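This report describes selected features of a model with the sequence and coordinates at hand. Please keep both in view while reading.

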Amino acid sequence: MKEEIRNFIAETAFSDPSVIKDDTLIFDEGIFDSMGLLGLINFIESEYNIVTEDNDLQEENFGSVERIVCFIQKKLAA
Amino acid sequence: MIKNRKPFTKNILHLENIDEVIENICVQLQEDVYKRFRRYGGVIGISGGIDSSVTLALAVKAFGSDKLLGIMLPETDSSPDSEQLARELADKFGVKSIVENISAALDGFGCYRRRDEAVKRVIPEYDPKVDKMKVVIPKEFVKKNMPPVHFVSVTFKDGTEKQIRLPMEEYLQIVAASNFKQRSRANMLYYHAEALNYSVLGTPNKHEVQQGFFVKYGDGAADVMPIGNLYKTQVYQIARYLGVPKSIIDRTPTTDTYSAEQTQEEFFYQMPFAKMDLLWYAWENEYLPDEVAPVMDMTMDEVSNIYKNFARKQKTTEYLRTAPLHHYGVDGIIRIS
């Protein structure tokens with residue numbers, strides 16, 4: 001899952017996956033804009049069959065690869 | 001850090017030498033329009049908003065009212081107030097004005113149909129004949145260190161409202177369709193500019209230019225942007241100084257883009273202009289959050305998050321400010337064998 005997320009972010013941001021570490025802050029680094037975030041929401045919803053609620057849209061859930069993985073795992077476990 | 005700068009205060013953007021600022025803008029406008037572009041005057045799209053009003057007032061000082069044409073460009077969703085205020089402005093400054101209604105052109109492009117199709121996919125009960133729509137960013141997003149996410153808001157004819165987060169496809173379609181409005185206006189402005197051998201005087205202010213709150217080749221299409229380097233509070237200061245009608249100065253800036261009423265703060269900026277001006281100035285001039293936070297009555301974290309949002313906005317909208325690239329070839333030279 002981690003690699004899928006990393007690859008998606010890298011592809012969306014026209015960046016090399018090796019640049020995006022588990023804890024790279026994708027919003028702080030300017031890697032992702034609104035479009036990137038919307039694309040990411042689409043991707044994880046269709047790929048992992050989860051639903052992102054409005055109040056899930058927090059930096060704690062989407063700020064880095066490891067946070068996104070953690071968020072998906074929490075959703076899948078719920 | 002920038003050296004020899006003034007201490008950060010709430011008054012730091014006040015133009016002490018307003019005459020000199022206006023004179024410099026006017027001299028540069030004459031230089032650019034007359035000498036550089038060889039145009040005889042200017043056309044301005046006037047909306048009854050503060051930015052186009054100050055652009056017109058400055059242009060009257062630079063060129064004289066007889067070398068200007070003010071064009072009102074209403075469409076189906078425009079507020080009737082806009083045309084009335086624009087007319088009041090043109091009359092006050094003695095500038096000839098005309099009305100060019102662009103609704104039929106927009107119908108031809110499918111602007112309304114394409115936009116409403118996307119809205120209906122998200123809110124099927126939306127009836128564009130009787131309901132009003134707009135796109136908003138919920139206020140709480142400004143406090144988050146995240147890019148904003150847009151919601152569509154529909155006000156039904158009974159006054160009830162529904163707000164839904166926009167998926168990417170629908171968001172892009174609504175924006176792309178709505179942008180026909182600004183681009184159609186640009187077409188009409190250039191028609192008149194070319195017919196008179198005038199320049200198009202663009203109306204974006206510093207925030208719109210730097211934060212990318214304009215449509216590329218829409219309201220971003222112009223030969224010069226006289227207020228493109230002025231903060232919004234400075235635009236208001238010049239408006240008062242040059243005698244822009246009070247009804248325009250007192251009006252809350254709107255997008256005048258969607259059928260439902262919408263302020264610019266609600267759609268894009270997410271904070272009042274006076275606050276944004278100071279914070280943008282502080283960020284641009286590298287004032288540290290601990291210098292700014294006490295003056296603004298904010299926490300250092302809040303200032304830092306806003307700085308990050310500004311940096312992100314400027315970076316992610318660079319595309320809008322970039323002219324077509326033509327640096328292709330070998331060492332800048334296209335070699336023909």
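**Basis and confidence**

This is a predicted model, in which local features need pLDDT of at least 70 and side-chain atom pairs count only at pLDDT 80 or more, while totals for chains, interfaces and linings use all residues. Residues are numbered from 1 along each chain as its sequence is written, and chains are lettered from A and ligands numbered from 1 in the order in which they are written. The term pLDDT denotes the predictor's confidence in each residue, from 0 to 100. For chain A the mean pLDDT is 88, and 97% of the residues reach 70 or more. Within chain A, helix α3 (residues 59–62) has the lowest confidence, at a mean of 89, and helix α4 (residues 65–77) the highest, at 93. Helices (H or I, at least four residues) and strands (E, at least two) are DSSP runs, numbered from the N terminus.

**Helix α1 of chain B**

Helix α1 of chain B comprises 19 residues, 18–36. The expected span of a helix is 1.5 Å times one less than its number of residues. An α-helix has 3.6 residues a turn, so residues three or four places apart point the same way. A residue is buried if 20 or more other C-beta atoms lie within 10 Å of its own, exposed if 12 or fewer, and partly exposed in between, with C-beta atoms placed from the backbone.

Just after the helix, B:R38 has a positive phi of about 60°.

Two strands pair if DSSP finds at least two bridges between them.

| Strand | Partner | Bridges |
|---|---|---|
| β4(B), residues 132–136 | β5(B), residues 151–155 | five |
| β5(B) | β6(B), residues 161–165 | five |

B:M133 stands opposite B:V154 in β5(B), and B:T155 stands opposite B:E161 in β6(B). The hairpin of β5(B) and β6(B) has five residues between the strands, and B:G159 there takes a positive phi near 95°.

**Contact between the chains**

Chain B contributes 15 residues to the contact and chain A contributes 16 residues. Two residues are in contact if their C-beta atoms, placed from the backbone, lie within 7 Å. On the side of chain B that touches chain A, α6 (168–196) and α13 (300–316) of chain B each supply at least two residues. The largest share, five residues, comes from α13(B).

**Two single residues**

B:K313 is located in helix α13 of chain B. It counts as buried, because 22 C-beta neighbours lie inside 10 Å. Apart from neighbours within four places in sequence, B:K313 is in contact with B:Q211 and B:G212.

A:D22 lies in the loop between α1 (2–12) and α2 (34–48) of chain A. This residue is partly exposed, with 13 other C-beta atoms within 10 Å. Not counting residues up to four places away in sequence, A:D22 touches A:S64, A:V65 and A:E66.
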